[in-house]
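Try each task before you read its solution.

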Amino acid sequence: MDNTILRTEALHAYYVLDVYGKQKILKAVNEVDLAIQENEIYGIAGESGCGKTTLLKALAAAVEPPLRVMSGRVTYRIAGEDVDVATLTAEEKRKLRLEYIAYVPQGSMSVLNPVARIRDTYRDFIESHIGAHQKVEAYELAKEHLTELGLPLKILDAYPHQLSGGMRQRVTIALATLLKPRIIIGDEPTTALDVVVQRGVVQLLKDVQRKLQNTIILVTHDMGVHANIADRIGIMYAGKIVEEAPAEKIFGAPAHPYTQYLINSLPKFGDKTQRESVPGSPPSLANLPSGCPFHPRCPHAKDICKQEMPGFTQVEAKHRVACWLVEEGEHGKAA
Ligand SMILES: Nc1ncnc2c1ncn2[C@@H]1O[C@H](COP(=O)(O)OP(=O)(O)OP(=O)(O)O)[C@@H](O)[C@H]1O
Ligand code: SF4
Ligand SMILES: [Mg+2]
């Protein structure tokens, strides 16, 4: 049975900018095909600036100028029906984000009102989102919710600045999950937190997912966090997904040279040697290299890599890679 809850087909999303009267286009999302499943944690990884946040905005129906979906589709499966995001009105998109998905944007600790106690933020959230439909005792609901998630009730009386960064992030996630969304889209929820605090946030996300049996799409450039939480991982490079596989394959048998760098650069327990990071710097999205966008940095680049973008090769049932080496094998076109 197909359990796809969110699908993208050949999605292209670009920033169309006006720079001193001249149009500049940043190709932040290029030809992305995803099929995110119900009840899975899907991780998206890649260097800063590769388009992760932009992709999430397109998934969360939160595209605003200068960002534009140029072509392709984003489709949700809601109550057995396919819903094409492009056909929704602004009001329907807002409703989708309220009732079906919870989008926690990058740096979103700021969604907590700095001059309101957490209990008041909860009350406002509950009154504006649920209050219209049913009469609820906001404070009781907030207490029940925090207890369910194992968070201390005393935080309800605190102001955001009185909480640690990790606790603020957990409160943000808790609020986002109050309406039991089918999909949680989280952008770097653990970034800027130290490792111990990160663990608490990751555990909360795991607990929420287990309880709601829903889908989490999680962006972080931190491969350690992906190792802890993701069922499947998509590796993004220059706006494209270049490899996708179950987490254990990404870590155990990465096939794309870029993924191999990401994995090899991770510190290993007991090993003090300098880890190899990705050479060179990411390409400009305003002026992408021809062919495979990784070719200027790739130690295996062949002539064909400079000319043509490789399509996906299915190396195993759930493992696909866009690289000429994998496409053709050692003695093929790319050799
Ligand atoms: N509002 C915007 N207007 C113009 N360009 C933007 C805008 N937001 C992002 N960009 C550009 O689009 C590209 C992709 O940005 P994006 O934020 O999606 O990357 P990212 O992978 O999330 O990076 P990070 O890991 O640093 O969060 C970058 O070159 C960025 O500078
Ligand atoms: S297609 Fe070529 S340049 Fe791109 S990652 Fe594979 S070997 Fe390297
Ligand atoms: Mg980002």
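**Exercise 1.** How do the residues of the shell around ligand 1 divide into nonpolar, polar and charged?

*Solution.* Keep in mind that this is a predicted model. Start with the shell itself: 16 residues surround ligand 1. Tyr15, Ser48, Lys52, Thr53 and Thr54 are the closest. Next, find the elements that give two or more residues to this shell: strand E1 (4-19), strand E2 (22-37) and helix H1 (52-59). H1 provides the largest share, three residues. Now sort by class: seven residues are nonpolar, eight are polar and one is charged.

**Exercise 2.** Find the residues that surround ligand 2, then sort them by class.

*Solution.* Locate ligand 2 and look around it: 13 residues surround it. The closest are Cys292, His295, Cys298, Cys305 and Cys323. Then sort the shell: ten residues are nonpolar and three are polar. The shell around ligand 2 has no charged residues.

**Exercise 3.** At roughly what angle do the axes of helix H3 and helix H4 cross? Describe the contact as well.

*Solution.* First, place the helices: H3 covers residues 118-129, and H4 covers residues 138-148. Their axes come within 9 Å and cross at roughly 110°. Angles from 65 to 115 degrees count as roughly perpendicular, so H3 is roughly perpendicular to H4. Next, list the contact residues. H3 brings Arg119, Tyr122, Arg123, Ile126 and Glu127. H4 brings Ala138, Tyr139, Leu141 and Ala142. Last, sort them: six are nonpolar, three are charged and none is polar.

Terms used
Residues numbered from 1 in each chain as written. Chains lettered and ligands numbered in written order. Predicted model: local features only at pLDDT ≥ 70, side-chain atom pairs only at ≥ 80, totals over all residues. Near = placed C-beta within 6 Å. Helix = DSSP H or I, 4+ residues; strand = E, 2+ residues; numbered from the N terminus. Nonpolar A, V, L, I, M, F, W, Y, C, P; charged D, E, K, R; others polar. Axes fitted to C-alpha atoms, helices over the stretch in contact; angles between N-to-C directions. Parallel < 35°, antiparallel > 145°, perpendicular 65-115°, else oblique. Contact = placed C-beta atoms within 7 Å.
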